[in-house]
Amino acid sequence: MTISKYSFHVLFLILLVSFSFSYAHFRHITPKEIDPKSFNSHSSPLSPSLTSKGSGLLSGSSSSKDSSLFDNLSSSNASGSSKISDSSSVSTNSKGFAFSGSFRGSGLLSASTNSGASNNKEFNINLKANLSGCFSKVFAFGDSYTDTGNARLIGILKSFVGAVLTGRVSQGGNSNFKLGGRSSNGRMVVDFLCDSLNIPTPIPYKAISSDFDFDSNSGVNFAVGGATSLSGDFFVNHKIGHTLMWKGIPLGFQTQIEWFNHFVTRIACKRKTEEECKAEMGKHLIWLGQMGVDDFARVIGSSVSMRWLTDITINHISKILTTLLDSGGKFVVVQGLPPVGCCPLSKLLTPQSEKDEMGCSLVINRAVMAHNELLQKTLEDFRVRHGTEVTISYADYFNAYKAIMGNLAGFGFSDGSEACCGVGGGLLNFNLHNLCGMAGTTACEKPSNHVHWDGLHLTEAMHKQITRLFLHGGYCKPSFDDIISRQRNSGT
């Protein structure tokens, strides 16, 4: 049967309208409309329309009251394919690599380089190049991607996690390395950062003793695994969220502000004037690890509004940043979030209809991109207010992660989907009811080939490559080289 040109256009229009209705739940508002200052703690965090009927899992649909967040982050082409990209998903870093990709449409996190033959040489650069002696101390904040022991020391890790920490379950890496409470099989970004600066990793805040010598130590880590933007009362009242590897009600990010203030007044600045204290804090590097991954992980499957969660997470980051700058901090790096929707946990709990061709959660990754957009806008506001007196750099975790996933072999990986430590095999090797460390779980023989460690966290190898891209790959804005230059020129 022959279809006339007029009929074809009519048919195409009908299909396009049908497609538009089927994706009506991805209505857009720009990130500029989301102001963390407008957050109302009494506003409802629940959005029933975010729950898929029958499954109880996030569907991404939104009502007129809870609009979608991603005007700048998604688009539809004439063929009906929806394309999602981070604001800087097509960019060129300082090494001359061009990265591009989307989570829908092509279904690929792609990365291209100018010279495929030189990949390994580029990615095996010396982490200590030109950084040794720049900063003598690092103060770290964040969640389980940065915590090096606080969660373990305050007893909020479940008992089965101890099987990994004590070696009863092989960590699959360097058996001589003491995990100390890390949610990985080895070192994390903060460890590799300090190694590049040629200083020891900061001591967990809860490991500080009464005779702690501030001058002879390399800083303090205030990050806590499982920390969330949601209050403890919220978890109790709404009875939502996965507890995963943590016990009881999670600590809020506010706790880290309280710890920092106590540390500054009682230890770091004891017997110092306010001016002397600020001058001291201005000498050191402040690293805000990602904040929000544990929030997204806990609310998958609930009716929590992604917009509401993004608002309050950025609000907490703003509070922490304000506290640090008011205390004299001048050199700050703030990490964005990685594509949380691509971790095995998100893939497992997301309905097939809400996944892209790679099996990543569209809803979670769109929320992550909105978080990162708003975070960058917030950081720019801080830069404008404080001028050249402070340096605030954004660490682009999302696109660094994409670059690696788009060229796994070039970065030394052979698997980007399975959890190294888990059970069940298959595409994910992840069982929500039998997590790494529980009876029957095992670690893969070569975790250095894997991106994912336990279904939610990353392997040491992935942390190392992410750190390399942060420090030397152009994924910090301003670049880490600029931070070092400004620190040296400041005379601190």
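Tutor: Happy to! Start at L285, whose bridge partner in β10 is F331. Please keep in mind that this is a predicted model. The two strands involved are β9, residues 285–288, and β10, residues 331–335; they run parallel and are joined by four bridges.

Now widen the view. β9 and β10 belong to an open sheet of seven strands, and if you walk across the sheet the order is β7-β8-β6-β9-β10-β11-β16. The pairing in this sheet is mixed. At the edges you find β7 (203–204) and β16 (476–477), each of which pairs on one side only. Helix α15, residues 480–490, packs on the sheet and touches β9, β10, β11 (391–395) and β16. The direction of α15 makes about 165° with that of β10.

For context, most residues other than glycine have a negative phi, and most peptide bonds are trans. On the phi side of that rule, N198 has a positive value, near 65°. N198 is found in the loop between α5 and β7, and β7 is the other edge strand of our sheet. N429 has a positive phi too, near 50°, and lies in the loop between β13 (421–422) and β14 (442–443).

In general, two packed helices are described by the angle between their axes and the distance between the axes. The axes of α5 (residues 189–196) and α14 (residues 460–472) come within 8 Å and cross at roughly 50°. That angle makes α5 oblique to α14, and the crossing is right-handed. On the α5 side, V189, F192, L193 and S196 make the contact; they meet E460, H463, K464, I466, T467, F470 and L471 of α14. By class, this contact has six nonpolar, three polar and two charged residues.

α14 has another partner, α13, which spans residues 397–405. Here the axes come within 10 Å and cross at roughly 120°, and the crossing is right-handed. α13 contributes Y397, A400, Y401, A403 and I404, while α14 contributes M462, H463, Q465, I466, L469 and F470. Sorted by class, the residues of the contact of α13 with α14 are nine nonpolar, two polar and no charged.

α10 (residues 306–326) and α12 (residues 362–386) have axes that come within 10 Å and cross at roughly 30°. The two helices are therefore roughly parallel to each other, and their crossing is right-handed. The contact includes I314, I317 and L321 of α10, with L374, L375 and F382 among the residues on α12. It divides into 13 nonpolar, seven polar and one charged.

Finally, a word on confidence. The mean pLDDT of the protein is 74, and 67% of its residues reach 70 or more. Over residues 5–124, pLDDT stays under 50, and the model has 244 contacts beyond four places in sequence for that stretch.

Note on methods:
Residues numbered from 1 in each chain as written. Predicted model: local features only at pLDDT ≥ 70, side-chain atom pairs only at ≥ 80, totals over all residues. Heavy atoms only, no water. Axes fitted to C-alpha atoms, helices over the stretch in contact; angles between N-to-C directions. Parallel < 35°, antiparallel > 145°, perpendicular 65-115°, else oblique. Left-handed = near helix turned anticlockwise from the far one by under 90°. Contact = heavy atoms within 4.5 Å. Nonpolar A, V, L, I, M, F, W, Y, C, P; charged D, E, K, R; others polar. Pairing = 2+ DSSP bridges. pLDDT = per-residue confidence, 0-100.
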